[in-house]
Every structure is written in structure tokens, then in C-alpha cells.
Amino acid sequence: MGTHVIKMPDIGEGIAEVELSVWHVKVGDLVVEDQVLADVMTDKAMVDIPSPVHGRVIALGGEPGEVMAVGSELIRIEVEGAGNLKESTQPAAEVQPVAKPAPAPEPAAAPRPVAAQPAAPRPVAQAPVARDPDERPLASPAVRKHALDLGIQLRLVQGSGPAGRILHEDLEAYLAQGPSTPAKGGSGYAERHDEEQIPVIGMRRKIAQRMQEATQRAAHFSYVEEIDVTALEELRVHLNEKHGASRGKLTLLPFLLRALVVALRDFPQMNARYDDQAQVIHRSGAVHVGVATQSDFGLMVPVVRHAEARSLWDSAAEISRLATAARNGKASRDELSGSTITLTSLGALGGIVSTPVLNLPEVAIVGVNKIVERPVVIKGQIVVRKMMNLSSSFDHRVVDGMDAAQFIQALRGLLEQPATLFVD
């Protein structure tokens with residue numbers, strides 16, 4: 001038997017160190033060639049590290065959240081034959097990383113089964129557990145969030161994992177049994193003294209760093225304007241009734257992309273990226289729109305490239321494709337980078353006003369709030385109209401307030417008179 005050492009691979013793009021996000025194996029696991037061992041995080045994406053050999057894991061080189069240098073020892077695997085331990089200068093390139101968007105700090109499901117270990121049987125029934133109110137059951141952050149979403153008190157759930165760790169399957173089994181009588185002291189009015197500590201690692205750490213960097217480096221200012229989208233909504237409904245079955249349903253977003261494309265013809269300074277180190281503004285002729293998308297992995301911004309060359313239905317299909325890829329963890333690194341302006345929307349939860357944070361190095365982000373029906377005065381008459389606010393932010397280092405206001409007013413005019421979206 002020998003030992004095969006796998007080093008942290010060179011991801012490319014001049015990256016000297018990466019963050020170890022999650023292990024998919026543990027010491028003692030049997031692994032096969034091409035099985036994913038770990039995920040590591042770069043500034044742009046998550047990367048799978050597959051195994052180049054068959055064998056048994058005998059040592060792990062780091063803990064999730066640890067930043068490791070390229071070329072450092074990642075994992076040791078016991079293999080048949082001599083292995084490569086004596087070849088200490090062997091390049092890390094033997095591991096071929098596969099890029100994917102960043103997942104949550106811990107996997108949202110039970111760890112992937114390895115070749116020689118069958119998946120654990122799913123629990124089918126369990127009795128409520130009587131734990132002390134101060135006791136903190138073992139569970140991953142993903143399971144804790146799942147339990148919170150389901151309204152389950154973790155201290156009442158029997159864990160089937162190692163050391164009684166609560167798994168997603170245990171939550172399902174608990175729900176399958178229906179409501180049960182809470183343990184003593186389990187009233188909804190009982191005092192709580194529990195506290196949990198959730199490490200900020202992986203995608204959440206990158207989001208935190210980018211948000212902090214954006215607010216520290218850019219001189220944010222926001223501008224809010226209300227828009228009457230009654231005519232736009234009538235057009236959208238009409239197009240869906242006429243073409244929805246054959247071309248697909250249109251949401252509001254494709255119209256917003258089209259409005260951005262048309263407005264940017266007169267305001268190219270908004271379709272730009274600011275290199276504050278070199279003190280250079282890069283204005284782009286192409287309109288690559290980042291569409292902020294919430295996923296289980298955190299906030300992601302897939303990019304609709306060349307929006308200026310897309311029809312409404314083409315934009316709609318691309319937005320849907322990218323959003324699905326991002327939420328399923330399938331978006332590529334290229335699909336998550338290169339935007340020149342960003343569109344963000346909270347949909348039905350959009351509220352009245354928001355103050356979106358710039359997606360550096362871009363200089364503008366357009367935020368969409370929810371559509372509400374309310375009375376407005378038109379030509380002296382009170383009528384009910386569908387109104388929506390745009391809450392947008394700009395980098396005041398390179399965008400003047402007057403230019404920002406005129407840009408949003410141009411968007412307003414296009415959206416309130418939707419026929420102008422298609423007049424060249």
C-alpha cells in the first residue's frame with residue numbers, strides 16, 4: 001500500500017490562495033476516481049476537487065473556512081501500489097478542478113455516499129425527544145435553517161446521524177408523524193436561552209466581503225422614482241395571452257432589460273465599470289445585465305450577455321435559464337461575471353423603497369419594488385393605477401446626481417409609454 005497526496009490545485013487567473021468551503025469525505029471513507037472530495041472557493045466561483053485515484057482517505061489537510069495556499073497539501077489517500085508521497089515536487093495539476101457556483105457553507109443534504117458505503121436508511125418514525133431548553137442539538141446550519149422554515153423546534157427531533165446529529169431526513173420523519181405534544185417546558189411562551197454560532201464561511205463570507213468592500217470603496221447615493229406601469233402591465237398581459245403558449249410567459253424583467261438597453265443609448269456613463277486603482281472608467285458598448293438572484297447558496301448575480309441584441313422572449317428565456325442554473329448550483333464562472341450594470345428585484349416582497357448596494361466595479365444598479373394599485377390624480381380625476389417604484393443606486397465618484405436623475409426619468413418615460421421601447 002502507498003500514499004497518494006493531493007495538493008491544492010492552481011485554479012488559474014493568478015489566484016494564490018483559496019478557501020476550503022466543504023468536505024464531501026471524511027477520514028476512513030473509501031473513494032473512487034473522479035469522486036468529488038471537496039469544494040474550494042475563489043473570488044468568483046466554487047470549484048469541485050475530484051479524486052484522481054481509488055483509495056481510502058487517511059488525512060484531511062484543512063478545516064472548512066480555512067484559507068489555503070495553492071500547492072499546499074489538501075488530502076492524503078491510501079492506494080494500492082507505491083503512491084506518490086515520495087514525489088513531493090509533483091505538481092498539483094494532476095487534480096483537474098471543475099468550476100461551479102458557490103454552495104452554502106455546509107451541504108444542504110446529507111453527505112454524498114461513497115463507493116463502499118451504502119446510504120443510511122431513512123428514518124420512518126420517531127418519538128419526540130425531551131431535551132432541556134438550554135440544550136443545543138447537533139445540526140448543520142442548513143438543517144437549522146430548514147427547521148426554522150418548517151417551524152420545527154430542533155430540541156424535539158431525534159437525530160439519526162453520528163453522535164445524534166439531526167439530518168434533513170430526521171426533519172421529514174418528524175413532520176410525517178404530525179403534531180406531537182411538546183416536551184415539558186416546551187410552551188411557545190417559555191423562556192429561551194439557546195444560542196447558536198454559525199461560521200461565516202464559503203459563499204456567505206464572499207457576500208459579506210463584497211458588500212463591505214462596495215460600501216467602503218464606492219460613494220453610494222440612491223434615487224427613488226415612482227412609475228405608472230398600468231399600460232406596461234396591460235401590454236404584458238396581452239402578449240402573454242396571445243403568445244404565451246408558443247413563446248413562453250413574460251414577466252416584468254424582460255421589459256426592464258429592454259428599457260435599460262434603450263435608455264443607456266443616451267446615458268452610456270451608466271453602463272460602465274470603474275477601476276479605482278488605475279483611475280479609469282471603462283464604458284461598454286455591449287449591455288451585459290447582471291440579474292440579482294436569491295438561491296440556497298446565497299445572493300448570486302448571473303449575467304444576461306448582450307441584452308442589446310435580444311428580443312423580449314429571448315431575454316425572458318435567458319433570465320429563466322440563468323436563474324435556474326444559479327439556484328441549482330450549475331451556473332458557470334463566466335455566467336456569474338462580466339456584468340456592466342445590475343438589475344435587482346425582490347418581486348412581490350419588493351416593499352416601497354430599497355437602497356441596493358452597488359455590484360462593484362459597476363457604477364449603477366437599478367432596483368425594482370413591488371407593483372401596487374393605488375389612487376392617483378390624472379387630469380383632475382382620481383383613478384386607480386398600477387404604481388411601482390424604482391430604487392436605484394449610483395457611484396457618486398463617477399456619476400453626477402443630475403445624470404442619475406435624468407437616467408431614471410428616461411427609464412420612467414419608456415416604461416410608462418411601452419410602445420417607445422420598440423421604436424428605434
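What follows is a set of questions and answers about this predicted model.

Q: What makes Phe394 and Phe407 an aromatic pair, and why is the pair called edge-to-face?
A: Their ring centres are 6.4 Å apart, and rings pair if their centres lie within 6.5 Å. The planes stand at 85° to each other, and an angle over 60 degrees counts as edge-to-face.

Q: Are Phe394 and Phe407 buried or exposed, and how do you know?
A: Phe394 has 0% relative accessibility, and Phe407 also has 0%. Buried means under 20%, so Phe394 counts as buried and so does Phe407.

Q: How many aromatic pairs are there, and which residues do ring pairs link into a cluster?
A: The count comes to 3 aromatic pairs. Ring pairs join Phe221, Phe267, Phe394 and Phe407 into a cluster.

Q: Why is the charged end of Arg247 said to sit over the ring of Trp313?
A: The charged end of Arg247 is 4.6 Å from the centre of the Trp313 ring. The distance limit is 6 Å, and the charge must also be within 35 degrees of the ring normal.

Q: Where is His243, and what makes it buried?
A: His243 is in helix α4, residues 230–247. Its relative accessible area is 17%, and the cut-off for buried is under 20%, so His243 is buried. Trp313 is 70 residues away from His243 in sequence, yet their C-alpha atoms are 9.8 Å apart in space.

Q: How many cavities of 30 Å³ or more does the structure hold, and which residues line the largest cavity?
A: The structure holds 1 such cavity, and about 30 Å³ of space lies in the largest cavity. Its lining is made up of Leu256, Ala259, Leu260, Leu343, Val366, Leu390, Leu411 and Leu415. Two elements, α5 (253–264) and α7, each give two or more residues to that lining. The most come from α5, with 3 residues.

Q: Why does the lining of the largest cavity have no polar and no charged residues?
A: The lining consists of Leu, Ala and Val residues. Leu, Ala and Val count as nonpolar, so the lining has 8 nonpolar, no polar and no charged residues.

Q: What makes α5 mostly covered?
A: In α5, 11 of its 12 residues are buried. Among them are Pro254, Phe255, Arg258 and Leu264.

Q: How do you know that the reach of α5 is close to the expected one?
A: From its first C-alpha to its last, α5 reaches 16 Å. The expected span is 1.5 Å times one less than the number of residues, and for the 12 residues of α5 that comes to 16 Å. The reach is therefore close to the expected value.

Q: Why does Gly159 count as buried?
A: Gly159 has 11% relative accessibility, and buried means under 20%, so Gly159 counts as buried. Gly159 lies in the loop between α1 (141–150) and α2 (168–176).

Q: What makes Gln279 and Lys379 exposed?
A: Exposed means over 50% relative accessible area. Gln279 is at 56%, so it counts as exposed. Lys379 is at 84%, so it is exposed too. Gln279 lies in the loop between β11 (272–275) and β12 (280–283), and Lys379 in the loop between β18 and β19.

Definitions and conventions:
Residues numbered from 1 in each chain as written. Predicted model: local features only at pLDDT ≥ 70, side-chain atom pairs only at ≥ 80, totals over all residues. Heavy atoms only, no water. Phe/Tyr/Trp six-rings, centres within 6.5 Å; stacked < 30°, edge-to-face > 60°. Buried < 20%, exposed > 50% of the residue type's maximum accessible area, 1.4 Å probe, protein only. 1 Å grid on protein atoms, 1.4 Å probe; cavity = no way out; pocket = protein on both sides within 12 Å on 5 of 7 lines; lining within 4 Å. Points joined across faces, edges and corners; volume = space filled by probe spheres on them. Helix = DSSP H or I, 4+ residues; strand = E, 2+ residues; numbered from the N terminus.
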